[in-house]
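Here are a few notes to read alongside the structure. Have the viewer open and go through the points one by one.

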Amino acid sequence: MIRYLQYLKSCAGCVLRGGRNYYLWMGGLFVLTFLGGISWYHHIADGLGITNMSNQVSWGIGIANFVYFVGVAASVALLIVPAYIYRIEEFKAVVVLAEIIAVISVVMCLSFIISDLGRPDRLLHLSPGLGVINLPSSHLAWDVMVFSVQLVLSLYIPAYLLYKRYLGQAPNLAFVLPPVMLSMLWAVIIHTVTAFLLSALKSRDFWNTGLLAPRFLVSAAVSGPAIILLCFAAINRYGGMRIADRVFDYLAHVLRVMLPVNLFLLGCEVFTELHSGTAVTESARYLFFGLGEHTLLPKFIWTAIVFDVVALVILLVPRWRQQPRLLYASCALLVFSIWVEKGMGLVLPGFTPSPLGEVVEYVPNASEIVLTIGILAAGALLFTAAAKVTIAVQTGRLRLQEGDA
Amino acid sequence: MTRSSCLLALLCASGCNQGIEPMKRDFADPPPASSVVMVEDHPALIPTFPCSSCHADREPDPRPRKLVEYHTPKNGFDHGTKDGWCYRCHSLENIDRLRTTLGTPVAFSDPQDLCGSCHGDKLIDWKAGLHGLNRGSWNGPKLRQSCTFCHDPHKPAFEPMVPERPPDVLGERT
Amino acid sequence: MTPEARLGELVRLRLGRHDTRRGFLKTALAGAAVASASTACDGAGVEKLLSKHYLKLTDEDKRKLFARIEAEVLARSGVRVTVGDPQPMAGVEFVHALDLSLCNGNRRCVEACARENNLPDDIRYLRVVEVDAGTLELANAEHAYDPELVPRSGKNYLPVQCQQCKKPPCVDACPVKATWVEPDGIVVVDYDWCIGCRYCQAACPYYARRFNFREPSIEPSRINPDQAYLSNRIRPAGVVEKCTYCLHRTRRGRYPACLEACPTGARKFGNINDENSEVRRMLERKRTYVLKEELGTVPRFFYFFG
């Protein structure tokens with residue numbers, strides 16, 4: 001116990017110490033987080049009336065971000081496969097980092113959801129024992145359940161592995177393998193349950209498609225690796241740890257395979273929706289061409305599709321993808337394009353037009369954007385701190401000293 | 001089992017267990033029979049009613065012609081075919097009565113019997129509570145108002161109405 | 001087949017098709033289980049700490065809770081209101097019917113509903129949409145029509161409100177069972193249990209649910225003092241609400257406010273289990289239309305052509 005406290009103390013020390021750039025970076029993120037916190041306070045104190053959401057478009061940027069980061073959390077399984085199924089050593093070294101990305105994504109998801117509740121003070125109504133959980137009917141209740149498990153899983157795995165490493169002991173595989181395997185399965189589960197949350201709604205034709213869950217998984221296999229690749233590149237550059245090229249090659253390879261699949265599924269959906277031309281495909285027309293004077297979303301979705309194609313070309317031409325800068329640029333394009341395609345481009349058309357055919361266009365306002373940036377900054381802040389500790393432990397700089405125990 | 005899967009089982013168990021307790025409700029008394037219907041009398045439509053106050057000492061003239069005095073209904077006449085004439089519905093024999101298409105006398109207080117002689121389907125609906133305003137109680141005494149409460153007999157189609165305010169353009173948010 | 005048998009068949013087809021027995025009142029509530037919970041402290045009184053799900057409230061809890069709500073309204077707006085809790089009547093299942101050939105789009109029902117149910121200006125339970133004659137397609141419906149006079153020629157009008165579905169997608173959606181089907185078929189919301197996630201709004205195919213984006217403000221002179229816990233009491237901010245067929249009126253034998261306000265007599269209301277009710281006769285005699293019937297929500301709201 002004392003040893004564990006000692007460990008936490010040295011972790012804290014590790015987070016608090018750093019160079020000038022580190023302090024600047026962390027300070028900047030802290031300021032953004034703080035601003036987001038102020039916006040969150042207003043969401044609670046003044047009610048969601050300060051957002052641009054309406055009864056017609058009752059979910060906005062918060063749910064869009066939630067859906068997006070579910071994908072990021074789930075895509076971490078893609079790194080666990082080579083590490084623990086194919087047992088490639090270079091990958092085992094990054095599993096902890098990948099799980100940290102997962103746990104921070106889950107925390108961000110929860111923040112986006114909780115800040116979107118009308119009554120966050122009644123959150124306990126959702127807890128087992130104290131509240132009432134509408135199982136098995138409510139997909140949202142299922143989502144809460146699987147998210148709780150995901151949170152525990154992705155907290156436990158890196159925490160255990162790191163502590164063992166700190167102690168200088170080999171991890172007991174009996175304590176690692178089952179949760180690791182489970183977390184692979186869970187990646188698919190949290191994603192599918194979240195997709196079903198939307199696709200099960202017969203009231204919303206745009207979501208009510210069997211293609212939604214596969215598209216969720218495939219788009220996550222694009223946005224996730226892109227974000228992980230960028231994080232790893234940052235660690236290589238600033239973090240003082242060398243992540244093997246093989247990991248980067250693998251992630252780029254995943255992108256090369258999944259991006260065309262993603263575009264194909266998108267194409268299938270576009271064809272079916274727009275070719276049939278029935279009234280229930282108004283939402284798709286809103287997304288791709290706009291309805292009446294409401295034409296903001298098409299601008300975003302076409303930009304995203306152009307980004308997808310540009311990134312695909314870069315990834316397909318060997319000479320280009322071997323240049324790190326072009327590779328990173330294509331990843332950045334994909335991070336944005338999937339955010340549009342799977343975030344706003346997925347959530348908003350579900351509400352537009354409304355079930356009674358009313359077209360109300362939603363654009364997030366300043367307070368919602370500040371809150372979003374705040375949560376993103378908090379995620380980056382947490383990741384930087386956690387990654388710093390992880391690297392220190394992994395590289396042996398942070399280790400139990402003989403005198404400590 | 002791992003710690004996490006134990007937790008899952010725990011969450012499931014505690015969540016599902018709450019779903020099995022059926023609700024106990026005290027019901028209010030069942031409703032009484034709902035068949036009692038009262039028809040409300042309509043007040044006179046014109047101030048000079050009864051008609052006999054003027055017509056008693058006049059010989060009725062059944063020939064259609066242009067009416068010049070205040071017989072002209074205030075909203076004009078637009079009911080049925082254009083060749084309609086007073087004595088299609090007003091009784092020639094007793095000016096204080098109405099008559100059905102078959103000539104059966106009808107009191108002014110029972111206009112539905114007259115209206116129904118052409119609009120039989122509406123009369124059936126009205127008697128069933130499917131046409132007209134429902135007042136009173138859905139499970140108790142009901143008040144049914146006769147045709148002339150809502151329809152001007154000389155121009156029975158509803159006049160256009162001024163609508164209430166529309167919902168705000170951006171949904172119902174203000 | 002005798003008329004009675006035919007009618008029985010009709011009712012069974014329309015409203016009972018998912019159940020072989022008339023046991024749906026029970027099944028609708030079989031899952032309505034609850035547990036007490038303490039909410040996070042918002043500093044507004046000790047009682048609020050121990051808020052309970054409606055279905056868990058004892059008579060004593062209700063007495064205290066309703067008194068507290070009445071006192072709060074009195075303190076805030078100076079209006080003395082009574083918060084009642086009329087219970088569903090045994091054997092009653094409410095159905096609303098609307099004659100589409102009579103509706104002329106005057107929106108009297110919308111405003112009467114708002115007055116009756118203490119709705120703030122930015123919330124209306126009812127939507128009357130204007131469609132071109134010859135169609136009922138909602139995709140091209142006009143919501144904000146505002147001519148000098150209605151009806152406009154070449155237009156028809158379709159009022160939409162909560163359909164009080166027998167298979168309500170919104171009830172399935174709620175993660176905390178804050179909304180459920182009452183034994184008389186009315187879908188209600190426990191405003192003190194709702195967490196404001198708005199998943200039910202996304203799930204409703206009829207745009208029937210409204211969210212209190214802000215603290216509802218109603219002019220004291222417009223507050224209807226005749227209130228019920230599950231219907232028209234003044235809602236807190238951040239929760240979802242909806243049409244309750246005016247249960248504070250209808251469970252006491254009255255007609256809903258929208259029906260009484262309708263100048264064309266287009267609305268009919270009653271107990272579908274009562275052979276003499278207007279709605280039962282409507283079902284027997286008229287050709288009916290159910291909004292989005294293909295979704296399988298089994299509405300307790302019928303449109304008919306008189």
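1. Start with confidence, since this is a predicted model. Chain C has a mean pLDDT of 86, with 84% of its residues at 70 or more. Watch out for residues 16-46 of chain C, though: the pLDDT there is below 50. Even so, that stretch makes 54 contacts in the model beyond near neighbours in sequence. Where pLDDT is low, the predicted coordinates should not be read in detail.

2. For the complex, the predictor reports an ipTM of 0.92 and a pTM of 0.87.

3. Now look at where chain C touches chain A: 48 residues of chain C are in contact with 37 residues of chain A. On the chain C side, the elements giving two or more residues are strand E3 (127-132), helix H6 (169-173), helix H7 (199-203) and strand E7 (209-211). H7(C) supplies the largest share, four residues. Sorted by class, this side of chain C has 31 nonpolar, eight polar and nine charged residues.

4. Over in chain A, find helix H8 (residues 212-239) and helix H13 (residues 324-351), which pack at an angle of about 140° with their axes 9 Å apart. Why call them oblique? Angles over 145 degrees count as roughly antiparallel, so at that angle H8(A) is oblique to H13(A). Their crossing is left-handed.

5. Which residues meet there? From H8(A) they include A:Val222, A:Ala226 and A:Leu230, and from H13(A) they include A:Leu334, A:Val335 and A:Ile338. By class, the contact has 12 nonpolar, two polar and two charged residues; A:Glu341 and A:Lys342 in H13(A) are among the residues that take part.

Technical notes:
Residues numbered from 1 in each chain as written. Chains lettered and ligands numbered in written order. Predicted model: local features only at pLDDT ≥ 70, side-chain atom pairs only at ≥ 80, totals over all residues. Contact = placed C-beta atoms within 7 Å. Nonpolar A, V, L, I, M, F, W, Y, C, P; charged D, E, K, R; others polar. pLDDT = per-residue confidence, 0-100. Axes fitted to C-alpha atoms, helices over the stretch in contact; angles between N-to-C directions. Parallel < 35°, antiparallel > 145°, perpendicular 65-115°, else oblique. Left-handed = near helix turned anticlockwise from the far one by under 90°.
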